[in-house]
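Please look over the model shown below. The report after it takes up selected residues and sites in turn.

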Amino acid sequence: MTSMLKDWTEAHSARFQKEIMAFEHGLKDTGLFTDEALIELLNKHPKNMLDVCTMGAADSELYPNKFQTGDFRDVDGKVLLEAAKAGKVWINVRRGMNIHPEYKTVLDKMYGGIAEETGNKAYNANGGILISSPIAKVPYHFDKTETILWHVRGKKRMYLYPLTEKFIPDRAYEATLLSHLEDDLPYKPDFDKDATIVDFAEGQALTWPLNMPHRVDNQTFCVSVTTEYSTKESGMKNAAMIANATLRHRFGIESSYSKAGPVNRQIKSVFGRVIRKAGLAAKADTVDMVTFKVDPDAPNYVVNVEPYQRDF
Ligand SMILES: [Fe+2]
């Protein structure tokens with residue numbers, strides 16, 4: 001099996017998941033990310049695994065550029081790709097790297113290479129394909145699991161922020177764990193003076209420490225792959241955070257992850273797993289509402305509709 005890693009050295013292995021670190025990959029050479037290949041992918045991908053989004057108006061200071069869900073069911077993949085190229089549209093082909101055999105082969109080579117280099121055992125990774133528009137922005141957020149961004153086409157700028165309470169408050173972390181849709185964090189423009197800025201070259205991938213908050217500006221039409229996988233560390237932390245949120249919501253008990261010592265964290269983590277299994281965890285239900293349709297005749301390919309619940 002040939003690896004997808006091009007310039008990986010022992011220094012990369014030492015810094016992997018501990019620092020912000022770039023490396024080169026060979027995804028573009030697979031031919032799976034050309035316009036033709038993406039149109040075919042969009043047409044065969046299950047509709048319930050495809051998200052077509054636009055950005056909301058920046059009417060909220062704390063959560064600017066919020067995603068809005070689109071209805072794309074009667075639109076061909078060719079039009080969807082045109083919409084991403086021309087308009088304010090952002091497409092996430094969820095688990096696109098897993099469910100199609102030709103992409104899965106590549107995903108196995110991506111993580112096979114990393115497993116070989118780092119000596120870690122095989123990863124069970126999920127991979128999504130992001131097709132984004134020149135003016136699409138990914139709002140300030142963090143990822144709950146270890147994530148790698150493999151950039152393939154276009155110009156993309158990423159801002160990464162320190163892992164402290166100021167940038168990622170415990171309460172915000174908990175809130176995102178309780179909802180499968182909301183991953184956004186409160187953002188303030190003055191955060192940017194502490195950001196690390198990365199301008200992606202085509203064929204470059206980036207890794208960063210677990211949960212590091214970030215946001216992305218696409219400066220042109222962009223195609224990227226994001227992969228994520230759970231580790232023992234991310235699983236433990238998430239379970240402990242669920243425990244804290246549940247203690248607060250159901251019993252009014254104040255508890256903080258950042259201030260807790262390792263023993264407290266360990267106990268919380270076990271408690272979190274137990275209550276999650278027992279279905280007792282506090283849960284904030286969110287409904288995914290469709291607010292626009294993709295239409296090739298509309299400006300930016302976006303037509304607003306009376307909101308309705310997504311059922312596809
Ligand atoms: Fe992310």
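## Surroundings of T69

Apart from residues up to four places away in sequence, T69 touches V52, D288, M289, V290, T291, F292 and R310. The side chains of T69 and D288 also make a polar contact of 2.6 Å. This is a predicted model.

T69 is found in strand β3, which covers residues 67-71. With a relative accessible area of 12%, T69 is buried. The C-alpha atoms of T69 and D51 are separated by 7.1 Å, and these two residues are 18 apart along the chain.

## The chain as a whole

The chain has 312 residues, and 51% of them count as buried. Its secondary structure comes to 8 helices and 14 strands. The chain exposes about 14900 Å², of which carbon and sulfur atoms supply 53%.

Contacts can also be sorted by separation along the sequence. Among those between residues at least 6 apart, 81% join residues at least 24 apart.

## The iron site

Which residues are the protein donors of the iron ion? They are H141 through NE2, D143 through OD and H214 through NE2, and they lie 2.2 to 2.3 Å from the ion. Along the chain, the donors of the iron ion follow the spacing H-x1-D-x70-H. D143 and H214 link distant parts of the chain, being 71 residues apart. D143 is in the loop between β6 (137-141) and β7 (146-153), whereas H214 is in strand β11 (residues 214-218).

D143 has 19% relative accessibility, so it counts as buried. H214 is buried as well, with a relative accessible area of 2%.

## T227 and its polar contacts

T227 is placed in strand β12, residues 222-229. Its relative accessible area is 1%, so T227 is buried. The side chain of T227 has a polar contact of 2.6 Å with the side chain of Y111, and another of 2.9 Å with the side chain of W150.

Leaving aside neighbours within four places in sequence, T227 is in contact with L107, M110, Y111, N126, G127, E146, T147, I148 and W150. M110, one of these residues, is 117 residues from T227 along the chain, and their C-alpha atoms are separated by 9.6 Å.

## Aromatic residues and charges over rings

In the pair of W8 and F16, the ring centres are 5.7 Å apart and the planes stand at 70°, so the pair is edge-to-face. Both W8 and F16 are buried.

K85 lies over the face of F221, at 5.2 Å from the ring centre. R215 lies over the face of Y159, at 3.9 Å from the ring centre.

T118 is in helix α5, which covers residues 101-118. A polar atom of the T118 side chain lies 2.8 Å from the backbone oxygen of I114. Beyond neighbours within four places in sequence, T118 is in contact with W8, S13, F16 and Y123. W8 and F16 are also the two rings of the edge-to-face pair.

## Positive phi angles

R95 is not a glycine, although it has a positive phi of about 55°. R95 is in the loop between β4 (90-93) and α4 (96-99). With a relative accessible area of 36%, R95 is partly exposed.

Y301 is another residue other than glycine with a positive phi, near 65°. The loop that holds Y301 runs between β13 (289-294) and β14 (302-309). Y301 counts as buried, at 15% relative accessibility.

Note on methods:
Residues are numbered from 1 along each chain as its sequence is written. This is a predicted model: local features need pLDDT of at least 70, side-chain atom pairs count only at pLDDT 80 or more; totals for chains, interfaces and linings use all residues. Side-chain values use heavy atoms; hydrogens and water are left out. Helices (H or I, at least four residues) and strands (E, at least two) are DSSP runs, numbered from the N terminus. A polar contact is a pair of N or O atoms within 3.5 Å; within protein, one must be able to donate a hydrogen and the other to accept it, and residues adjacent in sequence count only if both atoms are side-chain atoms. Contact means heavy atoms within 4.5 Å. Donors are N, O and S atoms within 2.8 Å of the metal (3.2 Å for Na, K and Ca); water is not among the atoms, so sites may look incomplete. Buried means under 20% relative accessible area, exposed over 50%, partly exposed in between (1.4 Å probe, protein chains only). Rings of Phe, Tyr and Trp (its six-membered ring) pair if their centres lie within 6.5 Å; planes under 30 degrees apart count as stacked, over 60 as edge-to-face and the rest as tilted. A charge sits over a ring if NZ of Lys or CZ of Arg is within 6 Å of the ring centre and within 35 degrees of the ring normal. Accessible areas come from the Shrake-Rupley method with a 1.4 Å probe; for residues, only the protein chains shown count as cover.
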